[in-house]
Amino acid sequence: MRLDYNDLFIFNGITNTLRLCSQYPQLTMAATASRTPFSSPSSSFPKRIVRSTFPLSHAKLINPSHGHPLAISCTLPKPPPATPAAVVVSPPTAETFLSRFAPGEPRKGADILVEALERQGVTTVFAYPGGASMEIHQALTRSSAIRNVLPRHEQGGVFAAEGYARSSGLPGVCIATSGPGATNLVSGLADAMMDSVPVVAITGQVPRRMIGTDAFQETPIVEVSRSITKHNYLILDVDDIPRVVSEAFFVATSGRPGPVLIDIPKDVQQQLAVPNWDPLVKLPGYASRLPKDPSEAQLDQIARLILESRKPVLYVGGGSLNSSAELKRFVELTGIPVASTLMGLGTFPIGHEHSLQMLGMHGTVYANYAVDKSDLLLAFGVRFDDRVTGKLEAFASRAKIVHIDIDSAEIGKNKQPHVSVCGDLKLALQGINRILEAMGVKDRLDLGAWREEINVQKEKFPLSYKAFEDGISPQHAIEVLDELTNGDAIISTGVGQHQMWAAQFYKYKRPRQWLTSGGLGAMGFGLPAAIGAAVANPGAVVVDIDGDGSFMMNVQELATIRVENLPVKILLLNNQHLGMVVQWEDRFYKANRAHTYLGDPSRESEIFPNMLKFADACGIPAVRVTKKEDLRAAIQKMLQTPGPYLLDVIVPHQEHVLPMIPSNGSFKDVITEGDGRTRY
């Protein structure tokens, strides 16, 4: 179906939602299964705010059953019989807020918006101005509490907001103008949605009277972003700004985090009003679907399964980031080995004796072996992504599965668990640890033989790589970086081979140390994400491990790094190719190159483009290194140089990321040998 943007304004923008739901009942049905917060039938529409109530993903409507048919118990939160009470949303700051306006003094909607952000504790935004957002930027200049880090592209702004949020745990805020400014946020919103990152994106919009007229720089960003945001708003009344901002931050950070978009027409930004800073926020539909505390019976059942198992494995993901201490205590009590997803790296220290590092397509052989042979799979804060499971029917086919996740839509979506808990993993682990301590689990669970079996695989199939004479292996470059930073740096990446090598060969110690685009796989993520991390973590060592393809996609953000004088270090693994696509060409397309060479075909002996000149144009020191013998000193110099720095490391394009389980493959299909120097 095709929706006209004018539909948004039928009966002041409210009736349209009801009309569409009546014409297309499948939308109403799907809404109850989606992550969109306000789709409950009991929800009441607030004054003149258009809300998204449509399905966010086809996956929410599909519930395939895979694996073992036995289902011991799958417990999801049930909606209460009566409409829940209003959710009271309070700003995070405990102190009395001192406004720069006198009580009762009228001020512009843009000033109300900026003060609403201040009241939420926001100190940094990543905002790029334009015609429809000028009023917001003017208001930002009147704020002494909020710093604007000016990106050089709106996509850089939203990725920087993600880097800020991922590395700090606080919501990131980005602002863009209408039309192309708003649409440039789309990749970042989709990325934040897939990786559960709390981001509040604010966009300017053309004046209300011009909406639907194809006005200059008009784009229906509410429509565009509906399926890639947790929720979105179009504000049509200046009086609604305080409540909408409070709601947006609450929705973005509660339950399963995600992005929320607020679209504000320019005339609303200019309208004078006296704000009400204590609005009543009613979110009955959303509140009814927030997870409840896990029951003692559920946790006791999980504890008994653990005691009965002989080959248990932990499979932990991005949903475990806030539960690192509880996870470590759980492993201390049980000795169960830990395999992490790409998003879960750092939740459990990579260097720990019970760590199996990463599992999945490019995970370690021993992590995938442990999952394949396990009799109990403890899936904590994960979604059984295809890059982890491969062929679903073969994934953990011998194991009983315990799935704990905060999002009920993920329970049983891809793999049916035997026991499930929909709730906060931190609370669940606290309860399980308490039960295990009372049971005396240390004296009752002997996993010595299981750990020895896994250790045999560790010795037989360690992470390794082959040398390229005096050339630099990319894996070696990352190992040297890990050694020289003592594994303490915050690492961001683009997407491709360098991303996987950074996941494999840097030894992460703590959560929020590893920033990467996991679900969406958005190239160009690394550099702006490093900006956000550097802003959120002053004094930390922040390194963007990037590939030349990804780096070029947001290279303009070098200007932001220089102007803001952010100490971002860029370790550029430059192989002149789209390396991961080349690897697949080598393995599955007889090495036929289909537009994956990024250099100049007429000058193949030269490095093109010259990345050093990009850095020089922005006043950033940069050096190129081509020989292994010079690498360590070059990385040391990069780390010791104050401010930003780019190190262009030339690496061979023939290298492959191994191990590799081909798409839709299983553990028996794992590839451990070969590179681009071999014909397949």
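A residue counts as buried when its relative accessible area is under 20%. Keep that cut-off in mind, because Tyr506 and Tyr508 are both buried by this rule. The model you are looking at is a predicted one, and we can walk through it step by step.

Let's begin with the whole protein. Its secondary structure comes to 26 helices and 22 strands. Of the 680 residues, 58% are buried. The accessible surface comes to about 26,400 Å², and carbon and sulfur atoms hold 53% of that area. How much of the contact pattern comes from residues 24 or more positions apart? Among contacts with a separation of 6 or more, such residues account for 75%.

Now let's look at the aromatic rings. Searching the whole structure turns up 12 aromatic pairs. In one of them, the ring centres of Phe159 and Phe525 are 5.3 Å apart and the planes meet at 70 degrees, so this pair is edge-to-face. Where do these two residues sit in the chain? Phe159 belongs to helix α5 (residues 154-168), while Phe525 is in the loop between β18 (514-515) and α21 (526-536). The pair therefore ties together parts that are 366 residues apart in sequence. Phe159 and Phe525 are both buried.

Tyr506 and Tyr508 give us another pair to look at. Their ring centres are 5.1 Å apart with the planes at 45 degrees, so this pair is tilted. Rings can also gather in groups: Tyr315, Phe384 and Phe395 form one aromatic cluster.

The largest nonpolar core has 45 residues, and Phe126, Phe551 and Ile570 touch the most other members. Several elements give two or more residues to this core, among them α5, β6 (172-176), α7 (186-195), β7 (199-205) and α25 (611-617). Which element supplies the largest share? That is α21, with seven residues. There is also a second, separate core of 36 residues, which includes Ala110, Tyr233, Ile241 and Ile262.

Within α23, Glu557, Leu558, Ala559, Thr560 and Ile561 are buried. What covers them? The cover includes α5, α21, α22 (548-553), β20 and α25. Just after this helix, Asn565 takes a positive phi of about 50 degrees.

Let's finish with the charged residues. The structure holds 37 salt bridges, and three of them show how parts of the chain can be linked. In one, Asp111 pairs with Arg142, with the closest N and O atoms 3.0 Å apart. Asp111 is in helix α3 (residues 109-119), and Arg142 is in the loop between α4 (134-141) and β5 (147-148), so the two are 31 residues apart and the pair links distant parts of the chain. Is Asp111 buried or exposed, given its relative accessibility? Asp111 counts as buried because its relative accessibility is 4%, whereas Arg142, at 37%, counts as partly exposed.

Another salt bridge joins Lys311 and Glu453, whose closest N and O atoms are 3.4 Å apart. Lys311 is in the loop between α12 (296-308) and β11 (312-316), and Glu453 is in helix α18 (residues 448-460), so the pair ties together parts that are 142 residues apart in sequence. Lys311 is partly exposed, with a relative accessible area of 28%. Glu453 is partly exposed too, at 23%.

The side chains of Glu326 and Lys426 also meet in a salt bridge, at 3.1 Å from N to O. Here the partners are 100 residues apart: Glu326 in helix α13 (residues 324-334) and Lys426 in helix α16 (residues 425-439). Glu326 counts as buried at 11% relative accessibility, and Lys426 counts as partly exposed at 30%.

Key:
Residues are numbered from 1 along each chain as its sequence is written. This is a predicted model: local features need pLDDT of at least 70, side-chain atom pairs count only at pLDDT 80 or more; totals for chains, interfaces and linings use all residues. Side-chain values use heavy atoms; hydrogens and water are left out. Rings of Phe, Tyr and Trp (its six-membered ring) pair if their centres lie within 6.5 Å; planes under 30 degrees apart count as stacked, over 60 as edge-to-face and the rest as tilted. Helices (H or I, at least four residues) and strands (E, at least two) are DSSP runs, numbered from the N terminus. Buried means under 20% relative accessible area, exposed over 50%, partly exposed in between (1.4 Å probe, protein chains only). A nonpolar core is a set of buried Ala, Val, Leu, Ile, Met, Phe, Trp, Tyr and Cys residues joined through side-chain atoms within 4.5 Å. A salt bridge is a side-chain nitrogen of Lys or Arg within 4 Å of a carboxyl oxygen of Asp or Glu. Contact means heavy atoms within 4.5 Å. Accessible areas come from the Shrake-Rupley method with a 1.4 Å probe; for residues, only the protein chains shown count as cover.
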